[in-house]
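Have the sequence and the 3D view ready as you read.

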Amino acid sequence: MSFKRASQFFERAAVKIEQNANNLQKETAKEALYRIVLTTPVKTGKARSNWRVSHGKRTTAVIDTYGAEIAADMAISKGVQKINETPPKTDILLNNHVDYIQELNQGSSQQAPAGFIEAAVVNALAYIEDHAHELLKDV
């Protein structure tokens, strides 16, 4: 293999790895979103409704509840849409700014154990470990 051909191969490989990394980032964000929304305790649906996805810049707005029955579906649907719209090489942020989210995470509700937010992060890290081989897919 000539130096020129090797260089071209590595350039194509770098592009493909970058595309795969962007895909892995989005799939990991979706996994984290599913886990954190579905494990958030629900009374009125406000805490679940306020799991908001942004990219590049953190959102701090608090919205009204979608309703206890549909809060999870709506938060996940809107979050996945935002994740899918994220440009390459852009941070994906998952935020919740209801004033009692930390109390819920500390175990104030019997519906979820303390640390459910941290558990979602650990799950996302495990997802990355389980799918890291996909970075080299089609290279």
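The lining of the largest pocket draws at least two residues from each of α1, β2 (92-95), α4 (101-105) and α5 (116-131). Helices (H or I, at least four residues) and strands (E, at least two) are DSSP runs, numbered from the N terminus. This is a predicted model, in which local features need pLDDT of at least 70, side-chain atom pairs count only at pLDDT 80 or more, and totals for chains, interfaces and linings use all residues. Residues are numbered from 1 along each chain as its sequence is written, and side-chain values use heavy atoms, with hydrogens and water left out.

**The largest pocket**
- Its volume is about 480 Å³, a volume being the space filled by probe spheres set on grid points joined across faces, edges and corners.
- A pocket is an open set of points on a 1 Å grid over the protein atoms alone, where a 1.4 Å probe fits, with protein on both sides within 12 Å along at least five of seven lines; lining residues have an atom within 4 Å of a point.
- Of the 21 lining residues, Ala32, Ile92, Leu94, Val121 and Ala124 lie nearest the centre of the largest pocket.
- This lining has 17 nonpolar residues, 4 polar and no charged (Ala, Val, Leu, Ile, Met, Phe, Trp, Tyr, Cys and Pro count as nonpolar, Asp, Glu, Lys and Arg as charged, and the others, Gly among them, as polar).

**The second largest pocket**
- Here the volume is about 160 Å³.
- α3 gives the largest share of the lining, 4 residues.
- The lining of the second largest pocket includes Trp51, Arg52, Tyr66 and Lys78, and its classes are 5 nonpolar, 2 polar and 3 charged.

**Helix α1 and its partners**
- α1 (residues 3-39) packs on α3 (residues 71-84) at an angle of about 165°, with the axes 10 Å apart (axes are lines fitted to C-alpha atoms, for helices over the stretch in contact, and angles run from 0 to 180 degrees between N-to-C directions).
- α1 and α3 are therefore roughly antiparallel, the word for angles over 145 degrees.
- Where α1 meets α5, the residues include Ala32 and Ile36 in α1 and Ala120 and Ala124 in α5.

Conventions
Angles under 35 degrees count as roughly parallel, over 145 as roughly antiparallel, 65 to 115 as roughly perpendicular and the rest as oblique. Contact means heavy atoms within 4.5 Å.
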